[in-house]
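Biologist: Could you walk me through this model? I would like to start with the overall picture and then look at a few places in detail.

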Amino acid sequence: MKTTFGYLRSLIFVVQMFAMMTLMGIAFLPWAAVSRRGAYTGAWVFCHWVRWSVRWICGLKSEIRGDVPQGQVLIGSKHQSFFDVILIVSAVREPKFIMKDILRFTPIVGFYALRIGCVPVKRGRRAEAIRDMMASVTSGDAPAGQLIIYPQGTRVAPGQRADYKVGVAAIYEQTHQPCVPAATNVGLFWPRSGLLRKPGLAVLEFLPPIPADLPREEFRARLQQEVESASNALMREGGFDPDGVSRPD
């Protein structure tokens, strides 16, 4: 009965979330079309709505920890589900993501993503993808702000492992910007796939920045160690042992 009620609440939440995405996307469209600030504001309002509504409907609270990055900086973040995207956009002032190319064709999301300066990247051909990504990131037309990249290249469920890809190190090397690691445990409560949203406390934590211009492999190893260690600590805080003990329901 408890699980059935949880699924029902989750269904209500998901339906209203996509309905509000459509309504807010249309409402902010005129402003977003003429001003990037309108696109940022529309995305910020929607993300705060999601955080408020998932707490009210599903009992899932959320929290931002650490110093929120400002100015021209990279953010190398753990990626477990759509909710960590929501938390980052709700926190930083000028977010832009390295994103899958297919997302630019998604209604509403694609328009706003391109409007705030997200960089679409095609998968499959690594060398070509990295070259295209670097061209977009270093272009003089690229908007200022906080560039978020998911070093593992995809959502990784709690307890699973995936290597940190070379793309994040290439961007770090070429931009000569510091990188703020970001850890999370959101996948414990809002999974990478599936309907159920569980009660609890989802945390996104910004860690102390890694300074610019470290050697590429030193940077990649340090980023992985810091993000994975902090994410594991947050998951243990949420009742999950990343070494294999499930979070109690």
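Modeller: The accessible surface of the protein chain comes to about 12,200 Å², and carbon and sulfur atoms account for 59% of that surface. Please keep in mind that this is a predicted model.

Biologist: How many helices and strands does the protein chain have?

Modeller: There are eight helices and seven strands in the protein chain.

Biologist: And what share of the residues is buried?

Modeller: Of the 249 residues in the protein chain, 48% are buried. As for contacts between residues at least 6 apart in sequence, 73% of them join residues that are at least 24 apart.

Biologist: Let's go to the helices. How do α3 and α4 pack?

Modeller: Helix α3, residues 36–58, packs with helix α4, residues 82–91, at an angle of about 125 degrees, and their axes are 8 Å apart. That angle makes α3 oblique to α4, and the crossing of the two is left-handed.

Biologist: Which residues meet there?

Modeller: From α3 the residues are Ala 43, Trp 44, Phe 46, Cys 47, His 48, Val 50, Arg 51 and Val 54, and from α4 they meet Phe 83, Ile 86, Leu 87, Val 89 and Ser 90. Sorted by class, this contact of α3 with α4 has 10 nonpolar, two polar and one charged residues.

Biologist: Is α4 mostly covered or mostly open?

Modeller: Mostly covered, as eight of the 10 residues in α4 are buried. The buried residues of α4 are Phe 83, Asp 84, Val 85, Ile 86, Leu 87, Ile 88, Val 89 and Ser 90.

Biologist: What comes between α4 and β3?

Modeller: A loop, and Glu 94 has its place there, with β3 spanning 95–100. Glu 94 counts as partly exposed because its relative accessibility is 23%, and the cut-off for buried is under 20%.

Biologist: What does Glu 94 touch?

Modeller: Leaving aside neighbours within four places in sequence, Glu 94 is in contact with Arg 37, Tyr 40, Ala 144, Gly 145 and Gln 146. For Glu 94 and Gln 146, the separation is 52 residues in sequence but 5.8 Å in space, taken from C-alpha to C-alpha.

Biologist: Changing topic, where does Gly 76 sit, and is it buried or exposed?

Modeller: Gly 76 is in strand β2, residues 73–77, and with a relative accessible area of 0% this glycine is buried. Not counting residues up to four places away in sequence, Gly 76 touches Ile 149, Pro 151, Cys 179, Val 180, Pro 181, Ala 182, Leu 223 and Val 227.

Biologist: And how far is Gly 76 from Ala 183?

Modeller: Their C-alpha atoms are separated by 8.8 Å, although the two residues are 107 apart along the chain.

Biologist: Back to helix pairs, then. How do α7 and α8 cross?

Modeller: The axes of α7 and helix α8, residues 216–237, come within 9 Å and cross at roughly 125 degrees, and α7 and α8 are therefore oblique to each other. In this case α7 passes α8 in a right-handed crossing.

Biologist: Which residues make that contact?

Modeller: On the α7 side they are Val 166, Val 168, Ala 169, Ala 170, Tyr 172 and Glu 173, and on the α8 side Arg 216, Phe 219, Arg 220 and Leu 223. By class, the contact of α7 with α8 has seven nonpolar, no polar and three charged residues.

Biologist: What can you tell me about the loop between α7 and β6?

Modeller: His 176 lies in that loop, and at 52% relative accessibility His 176 counts as exposed. His 176 also has a positive phi of about 55 degrees, although it is not a glycine.

Biologist: Which other non-glycine residue has a positive phi?

Modeller: Asp 213 has one, of about 70 degrees, and Asp 213 is found in the loop between β7 (200–206) and α8.

Biologist: And why does Gln 177 count as buried?

Modeller: Gln 177 counts as buried because its relative accessibility is 16%, where buried means under 20%. Gln 177 is in the loop between α7 (166–175) and β6 (179–184). Apart from neighbours within four places in sequence, the contacts of Gln 177 are Gln 72, Val 73, Leu 74, Tyr 172 and Ala 212.

Conventions
Residues numbered from 1 in each chain as written. Predicted model: local features only at pLDDT ≥ 70, side-chain atom pairs only at ≥ 80, totals over all residues. Heavy atoms only, no water. Helix = DSSP H or I, 4+ residues; strand = E, 2+ residues; numbered from the N terminus. Buried < 20%, exposed > 50% of the residue type's maximum accessible area, 1.4 Å probe, protein only. Contact = heavy atoms within 4.5 Å. Axes fitted to C-alpha atoms, helices over the stretch in contact; angles between N-to-C directions. Parallel < 35°, antiparallel > 145°, perpendicular 65-115°, else oblique. Left-handed = near helix turned anticlockwise from the far one by under 90°. Nonpolar A, V, L, I, M, F, W, Y, C, P; charged D, E, K, R; others polar. Areas by Shrake-Rupley, 256 points an atom, 1.4 Å probe, with all protein chains shown as cover.
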